[in-house]
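Hello,

Here is the structure I promised to pass on to you. Have a look at it first, and then read my notes below.

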Amino acid sequence: MLHKKNDEYINSVQNYANSFQKNNFRKVACNDFKGWPDPLEETWRLSRLGALTRKKIEPITPDLKKHISLEPILKDSICISFVDGAYREDLSSKLPDGISLTHLNEEECLSFLSKIKSTNLSNHPSTNSSLSCTPSIIKISIHNNFNLDKLLEIVYLGGIENKSVHPVLFLELNKSSSLSIIERFNHLGSLIMPLQLIEIGELASLKSIKIFNDSIKSYNLSAHSVTLSNKSTYSSFSLIKGGEFTRSETHASLKGENAELNLNGVYISGSKQHHDLTTAIYHDVANCTSRQIVRGVLGGESTGVFQGKVRVAPDAQKTDGQQMSKAILISDKASANAKPELEIYADDVVCAHGATVGELDDEQLFYLNSRGISMDKAREILIKAFLEDIVIQSVDQPLHDFIFNEANTGLSLIIERNEKV
Amino acid sequence: MSLLEIQKAHLKLDNKEILKGISLAVNAGEVHAIMGPNGSGKSTMSYMLAGRDGYELESGDVLLDGKSLLDMSPDERARSGLFLAFQYPVELPGVGGMSFLREAVNSRRKYLGEKEYDHLAFVKEARKEASKMFVKDEMLKRSVNVGFSGGEKKRFEILQMAMLKPTVSILDETDSGLDIDALKIVSEGVNAQRSDSNAIIVITHYQRLLDYIVPDFVHILSDGVIIKSGGPELALEVEKNGYVGMINAA
């Protein structure tokens with residue numbers, strides 16, 4: 001991988017890693033951290049980190065006394081808090097018996113590192129810098145046959161300007177377990193580099209929602225790697241609305257037959273925001289299904305990127321993969337890029353993809369206007385309608401209102417900003 | 001004073017003159033039918049009145065209640081009391097029928113200085129009006145016009161008309177695509193709204209609709225001008241002899 005050198009940040013990452021006593025895994029990782037991906041790298045061509053390379057940033061030293069929290073969405077949720085990238089037991093709920101949370105020990109960290117290194121995230125900037133600088137790697141494990149009937153809420157808070165934040169999470173769902181999780185990223189003006197490894201065991205089921213809502217000066221470069229075993233399911237919905245630059249990159253590998261994957265996402269972008277949803281789905285074995293719907297609404301001078309790769313291995317016969325992305329531009333200065341990519345090496349598969357970028361439909365606007373509804377209101381109605389079905393499809397009932405509300409506050413910001421342009 | 005007055009309206013589309021000096025005065029309490037062959041300018045006239053982008057007049061004027069419409073946006077025209085029932089009602093996926101109706105009705109009420117409906121009061125009112133148009137509750141929960149049959153779409157248009165209580169309504173080929181039963185329901189819905197304080201313009205190819213919505217005046221539109229005006233008997237003449245003879249005589 002080509003890199004844009006940033007010696008200052010590389011040095012600060014190395015110094016930080018070396019400040020730990022026992023630091024085998026950090027040493028390995030920091031030696032592999034070579035700076036920021038060069039714009040010549042194909043997957044970073046549309047999301048350039050030029051402005052980031054010019055910033056003077058160093059890894060944060062978590063303030064373990066910082067007392068900040070977010071109100072849980074549902075009253076009876078199990079809550080876990082990360083502040084400045086560090087897990088905070090004092091700000092988290094007591095976990096039920098079927099879930100364990102541990103700090104990985106040195107040996108486990110090394111094996112975690114080698115797992116990550118065997119994925120396609122091995123060169124992601126968040127992989128090596130977060131493994132070098134994370135306060136600790138947190139493992140959440142859902143025991144065999146355990147079904148959490150409550151929502152697990154994880155919040156990522158904290159951050160300071162010109163500091164990088166490094167939460168690293170290993171989420172493991174053991175055989176026949178199930179979990180519904182919502183994660184919210186709400187950092188202040190900094191560089192956030194979350195790294196996650198998710199392993200979903202046989203017959204297990206994970207429903208996941210991620211809301212990226214960091215402050216308007218933040219950079220968030222999230223990297224997630226997910227593996228699915230036999231008959232497991234992973235349904236994920238991401239809402240990106242915050243940050244100056246937010247890129248959520250997910251690599252999902254279907255490694256067991258009859259696994260099902262839904263990887264949906266929405267981005268709502270305004271002013272000069274840059275939002276990027278990059279996904280790669282690897283159908284490694286036969287008889288798996290993947291579904292992906294992505295919607296974007298862009299106002300102001302924002303840019304949106306969707307890169308969706310689907311790779312079907314030679315043995316992955318009877319794969320069923322569908323992907324559809326749509327973006328709506330509500331300002332002349334906004335732009336959206338969609339890059340679907342199908343690599344199919346098996347012959348008995350059903351794979352389809354479609355990508356559109358457009359504006360609101362004139363006929364529909366006129367119809368609403370002709371009923372006395374103002375142009376602003378008509379646009380708002382159509383934009384909300386554009387997002388409504390994907391939210392209903394992707395999110396379970398108790399969270400509908402919350403997600404609609406999150407989307408609508410995002411929309412109201414970009415619609416207002418749009419009028420001022 | 002007329003409720004609606006079209007004064008020597010000229011309009012070009014793609015540099016081709018479509019309306020060539022139409023004048024028409026419609027008074028309160030009247031129903032006017034505009035008939036004419038394909039391409040005579042009927043739908044262009046309705047889009048022009050509703051204020052669709054690209055359908056601006058070259059010259060002439062249109063007055064609604066004595067006020068020129070020309071500088072008003074489509075939504076201002078609608079709030080001022082103009083209603084167009086679309087020949088092809090537009091599908092709005094993801095926009096629920098009930099919330100669409102409420103948004104429209106409240107926009108109009110706000111303009112009129114009337115109190116906006118709250119959710120419950122509106123649902124009650126909408127259900128009452130909907131049942132008159134044989135529009136089921138279930139239809140109001142669906143996305144506007146999505147998956148509606150031809151008849152359902154037209155009934156939903158007339159339901160909107162009933163709830164918006166416009167002063168001037170233009171029904172653009174509301175009979176197209178309707179079977180005889182649907183035609184009766186729609187016509188009864190329209191007739192129920194005839195009053196001394198509003199006016200209706202019915203645009204149609206066929207006399208059949210005018211058996212149910214009986215007009216006070218009939219105008220024959222051909223090649224962008226009104227070539228003949230008269231009473232309901234004019235529609236029967238069209239039905240009997242077709243447009244050709246009438247156009248040749250003009």
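How many helices and strands does chain A have? Chain A has eight helices and 24 strands, both being DSSP runs numbered from the N terminus (helices are H or I with at least four residues, strands are E with at least two).

Before you go further, some ground rules. This is a predicted model, in which local features need pLDDT of at least 70 and side-chain atom pairs count only at pLDDT 80 or more, while totals for chains, interfaces and linings use all residues. Residues are numbered from 1 along each chain as its sequence is written, chains are lettered from A and ligands numbered from 1 in the order in which they are written, and side-chain values use heavy atoms, with hydrogens and water left out.

Now for chain A as a whole. The C-alpha trace of chain A spans about 70 × 50 × 45 Å along its principal axes. Of the 421 residues in chain A, 58% are buried (under 20% relative accessible area, with a 1.4 Å probe and protein chains only).

Leu179(A) counts as buried because its relative accessibility is 3%. Leaving out residues up to four places away in sequence, Leu179(A) touches several others, including Ile142(A), Leu148(A) and Lys207(A) (contact means heavy atoms within 4.5 Å). Ile142(A) is 37 residues from Leu179(A) in sequence, with 7.9 Å between their C-alpha atoms.

Next, where the chains meet. Chain B brings 28 residues to the contact and chain A brings 17 residues. Together they bury about 1,800 Å², 66% of it on carbon and sulfur atoms (buried area is the accessible area, with a 1.4 Å probe, that two parts lose on being put together, summed over both). Arg52(B), Val90(B) and Glu103(B) supply 26% of the area that chain B buries against chain A, more than any other three residues.

There are three salt bridges between chain B and chain A (a side-chain nitrogen of Lys or Arg within 4 Å of a carboxyl oxygen of Asp or Glu). One of them pairs Glu363(A) with Arg52(B), whose closest N and O atoms are 3.1 Å apart.

Enjoy exploring!

Note on methods
Buried means under 20% relative accessible area, exposed over 50%, partly exposed in between (1.4 Å probe, protein chains only).
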